[in-house]
Amino acid sequence: KKLETLISELLRVAHQTGALDIKSLSKVIVDTTVQPKNVTHPTDAKLALRGLTELVKMAKLHGIKLRQSYAKEAKRLAIMAGRYAHAKQFKRMRKTLKKLKGRLGRVERDIARKINGNADLEETFRLPFYKAFLIRTQKSRDKVKIYSWHAPEVECIAKGKAHKPYEFGIKVSVTTPMERSAGGLFVLHSEAIEGRLYDGHTLNRVIQATRAISGIKPKRIYVDKGYVGHDYPDKRAVFRSGQIRGVTPEIKRELRRRSAVEPVIGHMKTDGHLGRNYLHGKHGDKINAVLCGAGHNMRLLLKWFATFLLKILSTLFPQKSSDHRPELQHA
């Protein structure tokens, strides 16, 4: 709530300085993107090796003497599993992966036997044991899965891109005005939405949050085809790309502006930190999404102030124009 106030204050400053037209807030564009987490591409072998390494490290830290750490063998098995997968020798890969997960289970059970009866250590190892259990038992179609040891909140989101079919992070909704103001296209709302919700099921909460920040209820909302079957109560106020029924020539012309939100998302990813989130946990995901929207607005304001300052300087110190042209000297 406090971070959203930052976006609201930046919009207020933009309006008072003439960079943002308050009338443009009545028509908005809503779109979603993925905020990737700072994790490597997850594979079963990589996760199993990381889980075994972390359990051994924690056991040494708490003075637990293991029967065997399997450190060298686990590293070799993980390398071989990757090589077999690259060579499309999937039968050998599955056999190697099964052996690697077996070593992870041995270390897990060995630690569980050594800390049995110690309430403090059992509580300390509860979360690592749960993550190790998921790594050993999860299947491709399981709903509860883990993709990173240090960031278990990471979600796998399929975007349908040819160069990047899956992205690992969290879904972020971005709202901008439909019309560009003098200072640029500002971000009205930016929020990280956990739970892999369908785009249409996020529209109502996003519009309500946008209204709370800007203080204006949008009369027209432009979205893409992913919002079919949305949950916004006023169905007549929402217009999708490719919609035919109920579209006037004016709305058809405005629908062509729906893609204007894409460059804003691109700037938030390249100029800001929406392209890779380094903050920890679920709260870090939400904080980073809001700060990226605030950072975009702040960059637009700084550019607007720089332009305004140049105009003042050019008025105070006009350049002297002279019609006299020095003749070129020929050799």
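Begin by selecting Val-28 and Ile-221 in this predicted model, where Val-28 stands opposite Ile-221 of strand S5. Extending the selection to strand S1 (residues 27-36) and S5 shows two strands that pair in the parallel sense over 3 bridges.

Now move to helix H2 (44-61). Helix H2 has 18 residues and reaches 26 Å from its first C-alpha to its last, close to the 26 Å expected at 1.5 Å a residue. Colour its buried residues, which include Ala-45, Leu-47, Gly-51, Glu-54, Leu-55 and Ala-59, and then show helices H3, H4, H5 (119-124) and H6, against which the buried residues of H2 pack. Just after H2, select Gly-63, which takes a positive phi of about 70 degrees.

What lies at the centre of this region can be explored through the largest nonpolar core, which has 29 residues, and in which Leu-55, Ile-64, Leu-100, Val-107, Ile-111 and Phe-125 touch the most other members. The elements that give two or more residues to this core are helix H2, helix H3 (71-86), helix H4 (90-114) and helix H6 (126-137), and H2 gives the most, with 8 residues.

Centre the view on Ile-111 and ask which residues it touches, not counting residues up to four places away in sequence. Ile-111 touches Leu-55, Ala-59, Ile-64, Leu-66, Phe-125 and Phe-129.

For the aromatic residues, note that the structure holds 3 aromatic pairs. One of them to select is Tyr-147 with Phe-168, a tilted pair at 5.5 Å centre to centre, with 50 degrees between the planes. This pair links distant parts of the chain, since Tyr-147 lies in the loop between H6 and strand S2 (155-158), while Phe-168 belongs to strand S3 (residues 166-177), 21 residues apart. Tyr-147 is buried, and Phe-168 is buried as well.

Finish the tour at Lys-131 and Trp-149, where the charged end of Lys-131 sits over the ring of Trp-149, 4.5 Å from the centre of that ring.

Technical notes: Residues are numbered from 1 along each chain as its sequence is written. This is a predicted model: local features need pLDDT of at least 70, side-chain atom pairs count only at pLDDT 80 or more; totals for chains, interfaces and linings use all residues. Side-chain values use heavy atoms; hydrogens and water are left out. A nonpolar core is a set of buried Ala, Val, Leu, Ile, Met, Phe, Trp, Tyr and Cys residues joined through side-chain atoms within 4.5 Å. Buried means under 20% relative accessible area, exposed over 50%, partly exposed in between (1.4 Å probe, protein chains only). Helices (H or I, at least four residues) and strands (E, at least two) are DSSP runs, numbered from the N terminus. Contact means heavy atoms within 4.5 Å. Two strands pair if DSSP finds at least two bridges between them. Rings of Phe, Tyr and Trp (its six-membered ring) pair if their centres lie within 6.5 Å; planes under 30 degrees apart count as stacked, over 60 as edge-to-face and the rest as tilted. A charge sits over a ring if NZ of Lys or CZ of Arg is within 6 Å of the ring centre and within 35 degrees of the ring normal. The expected span of a helix is 1.5 Å times one less than its number of residues.
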